[in-house]
Amino acid sequence: MITTPLTDALVRGAAELEDTGRGLRPHRLPSRVRTLFPDPQLMAAESQPSGVRVVMTTEARTVELDLHPTRVSYRGTSRPRGSVDLVVDGMLVAGTRLDGGDHVEIDLATGTSEFHAGQATTVRFDDLPGGDKLVEIWLPHNEGVEVVALRTDAPVHPVAAEKRIWVHHGSSISHGSNATSPTRIWPVVAARLGDVELHNLGFGGSALADQFVARVIRDRPADLISVKLGINVVNLDAMRLRAFVPAVHGFLDTIRDGHPDTPLLLVSPIFCGTHEDTPGPGKMHTDAAGTVTFAASGPHGPAPQLTLRIIRDALRSLAERRADDPNLHHLDGLRLYGEQDAVTHPLPDALHPDTATHGLIGERFARYAFGAGGPFAAR
């Protein structure tokens, strides 16, 4: 087996690779952001490599990846482990569930956490098709990893990126929560259907119109940009309307400083019965079987709080007021997942889509955005 050092040339979808001493940790936010605002929720989310993959051409029939995962769980709950997907010449051919690694267990009742050290694990794919081929190894979307070693039974070669780059920012739904594997989260489903290069800036609990994220998008190469905002603002009870609308205007203005003419799609929240008319903050409940569900705890206080209906109306009006930007587009999130979909494809924890629903959302987004006449259609 040949060991190949992992470099930026072999990794797509990451902002940086951090050398931790035992491996390379992909980060989706640059170090300056992580230094300026090391919020634990954001740090955990950005270090989970949603949309990040190792890309190479090779004649290898066997590929091994040594990974040291770091998973987060909540005491009393059960969460499926992350997985690694293998895509060969554009086709998903295999996937394997992670084991081993470090474990951070959080006690929601006390707010404390406990760290359990573990060992690295090896992901191995055998019987790959013969001949030279494009191989993509998609890293887990829901666990942090350090890549310790890449081994193959034939040399590997980096591949120059030739597809259009789509930068997408959103919440845990865009991050991929409740999907079972990294290629089944809705932005990856849409990117594969649209034949574009995804850079996923979906961060669980952290789509809050943060200016530092807008600056990351501003400074990153992008042919297509989408921003999906709303659910985290509501379920964190983070803003009132007076603060939210100017924050989104500022977010879009900052993006436009670096991408004045790039197609830019503003997406409002999908349907979520929990927060359609009930404000946050949201609370997580666990039953005796360890099943997690989310609920709204608002309203609180005299000032009107935001709900998803209010957010959708505000984003629609905001987009209309920016009519001087011919490359700004607005998509109502209910077109991706609406009230009737909640009957046929209910959200299992009352907040996040399951794998099948991620597929549905990704397919609908691709038809709208990449289809004929869509804002991301090839020109």
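Where is the place of Pro-299? Pro-299 sits in the loop between β20 (292-296) and α8 (308-321). Helices (H or I, at least four residues) and strands (E, at least two) are DSSP runs, numbered from the N terminus.

## Basis

This is a predicted model, in which local features need pLDDT of at least 70 and side-chain atom pairs count only at pLDDT 80 or more, while totals for chains, interfaces and linings use all residues. Residues are numbered from 1 along each chain as its sequence is written, and side-chain values use heavy atoms, with hydrogens and water left out.

## Overall build

The protein has ten helices and 21 strands. Its radius of gyration, taken over C-alpha atoms, is 20 Å, close to the 21 Å of the globule rule for 379 residues, so the protein is as compact as a globular protein of that length. The rule is 2.2 Å times the number of residues to the power 0.38. Along the principal axes, the C-alpha trace spans about 65 × 55 × 45 Å.

Of the 379 residues, 55% are buried. Buried means under 20% relative accessible area, exposed over 50%, and partly exposed in between (1.4 Å probe, protein chains only). Contact means heavy atoms within 4.5 Å. Among contacts with a separation of 6 or more, 77% join residues 24 or more positions apart. The protein exposes about 15,900 Å², and carbon and sulfur atoms supply 52% of that area. Accessible areas come from the Shrake-Rupley method with a 1.4 Å probe; for residues, only the protein chains shown count as cover.

Helix α4 covers residues 186-194. Seven of its nine residues are buried, so α4 is largely enclosed by the rest of the structure. They are Trp-186, Pro-187, Val-188, Val-189, Ala-190, Ala-191 and Gly-194. These residues pack against β12 (133-138), β15 (165-170), α3 (172-175), β16, β17 (224-228) and α10.

Asp-195 follows α4. It lies in the loop between α4 and β16. Asp-195 is partly exposed, at 47% relative accessible area.

## Asn-200 in strand β16

Asn-200 belongs to strand β16 (residues 197-202). At 1% relative accessibility, Asn-200 is buried. Its side chain makes a polar contact with the side chain of Ser-50 at 2.9 Å. A polar contact is a pair of N or O atoms within 3.5 Å; within protein, one must be able to donate a hydrogen and the other to accept it, and residues adjacent in sequence count only if both atoms are side-chain atoms.

Beyond four places in sequence, Asn-200 touches Arg-28, Ser-50, Gly-51, His-168, Ser-174, His-175, Ile-185 and Pro-187. Pro-187 is one of the buried residues of α4.

## Backbone exceptions

Most residues other than glycine have a negative phi, and most peptide bonds are trans. Asp-237 has a positive phi of about 50°. It is found in the loop between α6 (231-235) and α7 (241-258).

The peptide bond from Gly-298 to Pro-299 is cis, with omega near 0°. The bond from Gly-280 to Pro-281 is also cis, with omega near 5°. Pro-281 lies in the loop between β18 (264-267) and β19 (282-286).

## A buried loop residue

Asp-349 is in the loop between α9 (341-344) and α10 (355-370). It is buried, with a relative accessible area of 6%. Leaving aside neighbours within four places in sequence, Asp-349 contacts Asn-178, Val-292, Thr-293 and Phe-294.
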